[in-house]
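Me: I'd like to go through this model and ask where the labels come from. Could you set each value against its cut-off as we go?

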Amino acid sequence: MRILEAGGNAFDAAAAAGFTLQVVEPHLNGPGGDAPIIVARAEDETPTVICGQGVAPAAATIERFQSLGLDLIPATGLLAACVPGAFGAWLTMLRDWGTVPLRQVLEPAIHYARHGHPLLPNTASTIASVRDLFVDDWRSSAAIFLHNGETPQAGSLFANPALADFYQRLLRQAESASSSREGQIDAALRHWYEGEVAETIDGFCRTHEAMDVSGRRHGGLLRATDMAGWRPPIEQACGVDQGDYTIFKCGAWSQGPSLLQALRILEGFDIGRYAPTNPDFVHLVTETLKLVMADRDAWYGDDPDVPLETLLSSRYASERRSLITDRASTELRPGAVAGRKPPFPPVVPLGGRQPSAAAGGGEPTMARTTTPAEDGPSLTGDTCHLDVVDRWGNMVSATPSGGWLQSSPVVPALGFPLGTRMQMFWLQPGLASSLRPGRRPRTTLTPSMAFRQGRPYLSFGTPGGDQQDQWSLLLWLYHRQCGLPLQAAIETPAFHTDHMLASFWPREVALGTLTVEGRYPQQTVQELTRRGHAVTVGGDWSEGRLSACAFDRDGGNPIIRAAANPRGMQGYAVAR
C-alpha cells in the first residue's frame, strides 16, 4: 500500500509485496520457489502471463530416478528442485510493467530480514514440526530457523540475516552495473541466473546430501548450467467467454484451464438458479470438477501436444456434460480427444504410500489436521496469493509458492531453501506431465483474472494445492451467477473434492469424496450423501483462502473493491 500511495503502480506494489512475503511467510513461499503471475495494463484487451515456474534440470531424467530405485520424485530434500522461477518473474514484471527502482522494491524485504518481524503462529508451528529433522540432518536450516536448537516463539521477532546480506550484495552488484532502472534489474537477473546464486546452488547440490521422504539422503541435480540463460517465459493467457466477461488463466503447464473447462460444462445447467447451499448446486459443481480434473491428470503438462483448444471447446464440454447424472461418480473418467485414448498415470488409493522418513511428505504446506471436524481450517499452511489493482486500473494476480522452509535445507550463503515442485512430474513415460529435462512441472499454482467488456475487471485466486481452481471457481460462480458481492462470495460456505490424482507426493486419490464446511444445512449434507457422495463435514470456516480485487468501471467514477478470506489465515483486503 505504501508503494501505491507513493505513486507506484500495481506492478511495483505486487513485486514489493512478493519479496516481503518470502521473508514473513517462509513456510508458504520463498526466494527459491515459483510464482506464476497474470498482469494487465488498464488499456490491455487481454492479459499476459509471466511464467515464474522453473524447469527441470538437464540431469533430471526418468532413467536417473529409476536408477535410484524411486517410482516417485521425493517431496522433500534436494532431488525435486527446479530452476527457481519466482525471482525472475517478479523482476521481469518490475522491469517491463513497473516504474520504481529495484532498491525501492527490495528494501521492505531487506528490512524485515535484517531487523526481524513478529513470527506468525503457523510459521512457528511449521518450524516445530520439522525441528528434529533440522537438528539431525538439515543443519543449515537449523542455523536459520532454530534458536539454540529450539523453536522460536510465535510473536517473537524473527530475522534472517543471511538473506538480508544476500539481497544487499545483489543490490550493490546491480547498482554498480548500471545507472538505469532497467539496467539494474537486468544485472540482478544475471547475478541470480548466471552469477552468485547459480554458482552457490550448483556447489550446494553437488556437495550436500539431504534426507528426504524416501528414507535416504540424496544430493541435488540442479546446476549452474540449468539456470544460465533461463528467464520466465512471457505468454498469452488462455480464456473463455462468459457473456460480457472473459475468464483468463495460465496455460496447460498449470492446472488453470480446468477452471475454464468447468465453466464450459456448467454453461448447460443454468447454475445461477440454485442457492449456493442447495444440494443441486453442490452436486453439479462437484461432478463437473471430477470430470475436468480427470482431464487435467490425463492431458495437461508442459507439452506442445496438449489438445487445449479441443478441451476448452463447447462441443467437448457438451460431451462431458452428458456424463453427469443425479448420482455421484466414483470413477476417474478422462475424456478421449480426437479419437486419442487419454493417457493416464498410475492410480494409488488413499493410504497406499507412506513416507520412509520423518522428512515430511506430500505438499509440505498442505498437511491435514487430525481433527478436520473442528472449527478452523481442515488444512494447515497453504501457499500465498496476491492481488493488486491500482487507481489507473492496472491489475496483477499472482500465486507465489515453493521454496518452503520445510521442503529443503537452506543454502547457507543465500539464506533460503530450494523448491520441490519437480515432485509433480510422473516417472512413467508417455504422459504430458512425464519428467523431461527443460520442461515445467504441471503446477497447481493458478492465478485468475476476469475482463469485462474487454477491459480488466477482477483479479482473484487462492492458495490450496489441488483445491485452488475448485475454490476459485466457486468465487466466480457465487459472484457472477449468484449475484453476491466479492466479500460475501468469499464468505459463502464452500467445498472441495479429492476425487483426482493428487498433484503432490504421494500422489494418491480419494474417489467419490466431498468435503463441505459445517455451515451447510443438514438437509443438504443428507441429500448429497443419498446421491452417493462420501461427505466429510469440516469446520464451519475451513474451505478456501481466497482474495480478490476489482476495478469497477460502471458509472462515471471507477470504484476499486477488495475482499479477502476470513478463514484461519493471514488474509487482508486493503483499499483506499
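**Where the labels come from**

Reply: Let's start with strand 16: six of its seven residues are buried, so the rest of the structure largely encloses it. Bear in mind that this is a predicted model.

Me: What makes strand 15 and strand 16 a pair?

Reply: Two strands pair if there are at least two bridges between them. Strand 15 (residues 448–452) and strand 16 (residues 455–461) have five bridges, in the antiparallel sense, so they pass that cut-off. A450 stands opposite L458 in strand 16. The two strands form a hairpin with two residues between them, and Q453 in the turn has a positive phi of about 50°.

Me: How do you know that strand 16 pairs with strand 21 too?

Reply: By that rule again: strand 16 and strand 21 share four bridges, antiparallel, where at least two are needed. Here F460 stands opposite A548 in strand 21.

Me: Which strands are the edge strands of this sheet, and what makes them edges?

Reply: The sheet is open, with six strands in the order 8-9-15-16-21-22 and antiparallel pairing. Strand 8 (238–242) and strand 22 (559–564) are the edge strands, as each pairs on one side only. On average, neighbouring strands of the sheet are turned by 20° against each other, direction ignored.

Me: Which helices lie on those strands?

Reply: Helix 13 (residues 257–266) lies across strand 8 and strand 9 (245–249), and runs at about 25° to strand 8. Helix 17 (residues 468–481) packs on the sheet as well, touching strand 8, strand 9, strand 15, strand 16 and strand 21 (547–552). The direction of helix 17 makes about 135° with that of strand 16.

Me: Now helix 6. Which of its residues are buried, and how do you know that they are on the same side?

Reply: In helix 6 (residues 121–129), the buried ones are T123, A124, T126 and I127. Around the axis they cover an arc of only 160°, and that puts them on the same side of helix 6. As background, an α-helix has 3.6 residues a turn, so residues three or four places apart point the same way. The face of helix 6 turned away from the buried side carries P121 and S129, which are exposed. As for partners, the buried residues of helix 6 pack against helix 2 (10–24), helix 7 (131–136) and helix 8 (139–145).

Me: Why is T524 called buried?

Reply: Buried means under 20% relative accessible area. T524 comes in at 4%, so it counts as buried. T524 lies in helix 19 (residues 522–530). Setting aside neighbours within four places in sequence, T524 is in contact with T277, N278 and P279.

Me: What makes the radius of gyration agree with a compact globule?

Reply: For 576 residues, a compact globule would have a radius of gyration near 25 Å, and the chain has 22 Å, so the two agree. The C-alpha atoms fill a box of roughly 60 × 60 × 45 Å along the principal axes.

Me: And what do the totals look like for the chain?

Reply: The chain has 19 helices and 22 strands. Buried residues make up 63% of its 576 residues. Of the contacts with a separation of 6 or more, 74% are between residues 24 or more positions apart. The accessible surface comes to about 19,900 Å², with 49% belonging to carbon and sulfur atoms.

Key:
Residues numbered from 1 in each chain as written. Predicted model: local features only at pLDDT ≥ 70, side-chain atom pairs only at ≥ 80, totals over all residues. Heavy atoms only, no water. Axes fitted to C-alpha atoms, helices over the stretch in contact; angles between N-to-C directions. Contact = heavy atoms within 4.5 Å. Buried < 20%, exposed > 50% of the residue type's maximum accessible area, 1.4 Å probe, protein only. Arc of directions from axis to C-beta. Rg over C-alpha atoms; globule rule 2.2 N^0.38 Å. Areas by Shrake-Rupley, 256 points an atom, 1.4 Å probe, with all protein chains shown as cover.
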